[in-house]
Amino acid sequence: MEGADLLAAPIEGADEQSEAMIDTTLDNGSNLDNKTSLSPEASTVISNAATSPAATQAPVVEPTADTAAIPESIIKSEPGVTVKAEKTEAKSSAKRKAMTTASVPTTKLGQLKQRIERDPVDSEAWRALIDDALQKGDLERTREVYDEFFTVFPHAPQEWIAYADLELSHDLFDRVEAIFTTCLKSSPSVQLWSFYITYVRRRNPIQAADEAKATEARTTIKAAFEYALTHVGVDPASGSIWSDYIKFLKEGDLGAVYQQQQTNDTVRRAYQTAVVIPLYDIEAIWTDYNHFEHGLNRMTAKRFLAERQTGYTAARTAVRELRPMLEGLLRIDVLPLRPDWSNEEDCTTLARWRKYLKWEESNPLQLDDPEDLQSRIAFAYKKALMHVRFYPEIWFMAATRQLAVQKADDALTLLKTGAGCCPSSLLLNFAWAEQEELQTKASPAIHQIYRSLQDSITQQIVRHQSQTEDEVASALTQVKANEAENEAQLTEDHDDAQASGGAQASIAIKNAIIEKNKPALLSLKKSLSLACIMECQYARRAEGFMAARDVFGRSRKSPHLIWQTVEHSALAEYHWNKEAQIATNIFEFGVKRFGDDVEYVNRYFDFLKARNDDQNLRALFERSISKIAAEQVRPLWDRMMRYESLYGDLAAVQKLEVRFAEAYPDEDAVTRFADRLSFGGLDEIKTRDLGKHLLVDEIRPLSPESGEYDTTTKRARSEEKAKAANGLLKRARLDDPARGPSPSPLGTTQRRQPVVPSRADTPTQNGLARGLPEGVAFLLGILPFAHQFNGPVLDHRPLLDVLATLNLPMRFGGGPARPRSNSPAQRVAGRRGEPDYRLGGS
């Protein structure tokens, strides 16, 4: 069969074959839909600082385990939406409409609860709910609200302190100590630990009249200080705790001489530990230590101070770096929120935390003990996770650090906890699943990680669609209200026009809202499809291709599926199982749903081309050009033209050329012919024969492989632009006697003078260059246009900030300024002269 005839011969029964083949091959895998849900257990595993035996027990409170976890009820705070095989888009839409028509609470309390139900991390709603409970004076209800609050924000020191104060106001000390047991050990908050020490001192007053009780109280308070410093003593803001601890030690029992010496030794050890930690109060503590040693013995003071001088200097230098790094980041009055990456402030916050954590990992204090270094880094991550709890990257960095020090179990627990906080995070869920796979290979729990992720994203899709429908309904209601308001002002002659205009306005408003929300919806669908693809890859690695088919068989029935899932499954069949026919049938299944998406069709086209399946390829082309709009299907035409030129006969090429000209009558036949007769970057027709292509504004490479450009023509264009910008373009560049004749591609010494193309958007014509300094005008003249650049985009704002504050010397090298050449164009043309850094010659 001739190639031209094959173009009009689509495969008979292709859709029926593909559907039947998919049903028989993909629905035979093991069914995983009935697996039970595995909720991530949440616990913080960042290692605590090394403790001394005396400091490992709390004197009043004995924290047992890290109870500041994200419980299962929060991980599943919103009901999961599982896409069943029989669910259709119509049912999903009906469900969303039912959600929007649900009764809206009228009371303030009901509205707050609804806000929290929709967004569990709505900090304003939570705090308003707590204030409402406090104002009503219902202690039990207030406790319930606090307990629910702390399941979402387990590291909120301000709320923990308020909760403990509430119980203290009723003298319920047992409950206060239970609060400390719950929150203290996992909290890196200096404020919370200071409150704990204050409570211990209140509960253990030192009574000088009773020596035994005084000694017992002092022992308890000392242990409380040491317990607190063990957990937050490396925090830069813990200087107040260190100072209070040292002051407390100095007030010890000074009865016998040996007791006084013991007290001095204890105070010295506290000072020596504190002065090598980067504390905000380090200079004041060092001054006090200096006075302390000199007050005891001037002879030994120099030796003791010299022992800590190096460490103190390093710590003081570090604290000067830390202060600006952490300024504004450690705010206990602001609860952590989910990041919005369209918000520059959130991006800046992440960048600053990353910078601080990397700084801690670089060991700026030059600590020799790996345990001490790990303790500092672990505390830094605990502090970061307290303030940016819903930033997935920080959780991932913390887990990666644990893996770097061979603590895989701790890393796994961190990833579980992070996935509980950020249930729709691809980063954390994928990393969690990978770590589980490394440890357990195949496990239903790993499938459940992917399923929970997919449910969470599906939930967001449904919520987004519901919000879009609400927005459309609200806008249309407003339109109708406006129409009713204006109806009385219109005469009967305008009734028909009003009805027609109102209908058109409603349709336009609806389409505008849907178009505005489409990018966010597409992003969610991409995330869902990627989660399905990753589960399919895991199933193939751990359980075999039948399990992978089962995953795709379930995913393909989702109403939110996008074409990448279909392509992945088809290519997997082709490469993993060597099943070319099954892969083709899966692609055909995708055509039924995504046949109007030219990108998907192009992928299918490339697959058929790689298989050398010319019959299906031509049939795909014919079906697609009749279904997709001409302006969108142009890439497919180019692919088909290229394919027929390389592998078809000339008759088929000529027939396709005629059809192409009918579909795109404005296309240049010469350019199309040159494109067709090129190969592998050999575009010599345009380079050698089509001279006009050397004079257009595009800078065309002679060869994509070589990366070389026609520098002569480029220089000519640069000079012409510069002269035009300054009103100096009086003749063409080749008439410039200073340059001489330009070489000709044909080997001649003379060429026709090229006509400078007239452009409406040159700097001179649009007025941008008028009144500009000569140097700026020249620069604008030689720069290519923005539409010609397709590389990475530089963020210019930091550069402008630096330039705005930069002091440039008037002359470089310290000597007198050399004379300038006449013009920037002359310097580019090859005349000697030093560059002039002053714009406009001033």
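**Surface charge and aromatic pairs**

Student: Which residues gather in a patch of negative charge on the surface?
Tutor: In this predicted model, the patch of negative charge on the surface is formed by Asp 368, Asp 369, Glu 371 and Asp 372.

Student: Where is Asp 368 found?
Tutor: Asp 368 belongs to the loop between helix H16 (344-361) and helix H17 (370-387).

Student: Is Asp 368 buried or exposed?
Tutor: Asp 368 has a relative accessible area of 76%, so this residue is exposed.

Student: Changing topic, how many aromatic pairs does a search of the whole structure find?
Tutor: The search finds 37 aromatic pairs. In one of them, the ring centres of Trp 286 and Tyr 289 are 6.0 Å apart and the planes are at 70°, so this pair is edge-to-face.

Student: Where do Trp 286 and Tyr 289 lie?
Tutor: Both are in helix H14 (residues 282-296), 3 residues apart, which is about one turn of the helix. Trp 286 counts as buried at 10% relative accessibility, and Tyr 289 is buried with a relative accessible area of 0%.

Student: What about the rings of Phe 430 and Tyr 450?
Tutor: Their centres are 6.2 Å apart and their planes are at 40°, so the pair is tilted. This pair links distant parts of the chain: Phe 430 is in helix H20 (residues 426-440) and Tyr 450 is in helix H21 (residues 444-487), 20 residues apart.

Student: Why does Phe 430 count as buried?
Tutor: Phe 430 counts as buried because its relative accessibility is 16%, and buried means under 20%.

Student: Which residues do ring pairs link into a cluster?
Tutor: The cluster consists of Trp 126, Tyr 146, Phe 149, Phe 150, Phe 153, Trp 160, Tyr 163 and Phe 390.

Definitions and conventions. Residues are numbered from 1 along each chain as its sequence is written. This is a predicted model: local features need pLDDT of at least 70, side-chain atom pairs count only at pLDDT 80 or more; totals for chains, interfaces and linings use all residues. Side-chain values use heavy atoms; hydrogens and water are left out. Patches are made of residues with over 30% relative accessible area and no salt bridge: like charges are joined within 9 Å, nonpolar side chains (Val, Leu, Ile, Met, Phe, Trp, Tyr) within 5 Å. Accessible areas come from the Shrake-Rupley method with a 1.4 Å probe; for residues, only the protein chains shown count as cover. A salt bridge is a side-chain nitrogen of Lys or Arg within 4 Å of a carboxyl oxygen of Asp or Glu. Lys and Arg count as positive and Asp and Glu as negative; His and the chain ends are not counted. The place of a charge is taken as NZ of Lys, CZ of Arg, CG of Asp or CD of Glu. Helices (H or I, at least four residues) and strands (E, at least two) are DSSP runs, numbered from the N terminus. Buried means under 20% relative accessible area, exposed over 50%, partly exposed in between (1.4 Å probe, protein chains only). Rings of Phe, Tyr and Trp (its six-membered ring) pair if their centres lie within 6.5 Å; planes under 30 degrees apart count as stacked, over 60 as edge-to-face and the rest as tilted.
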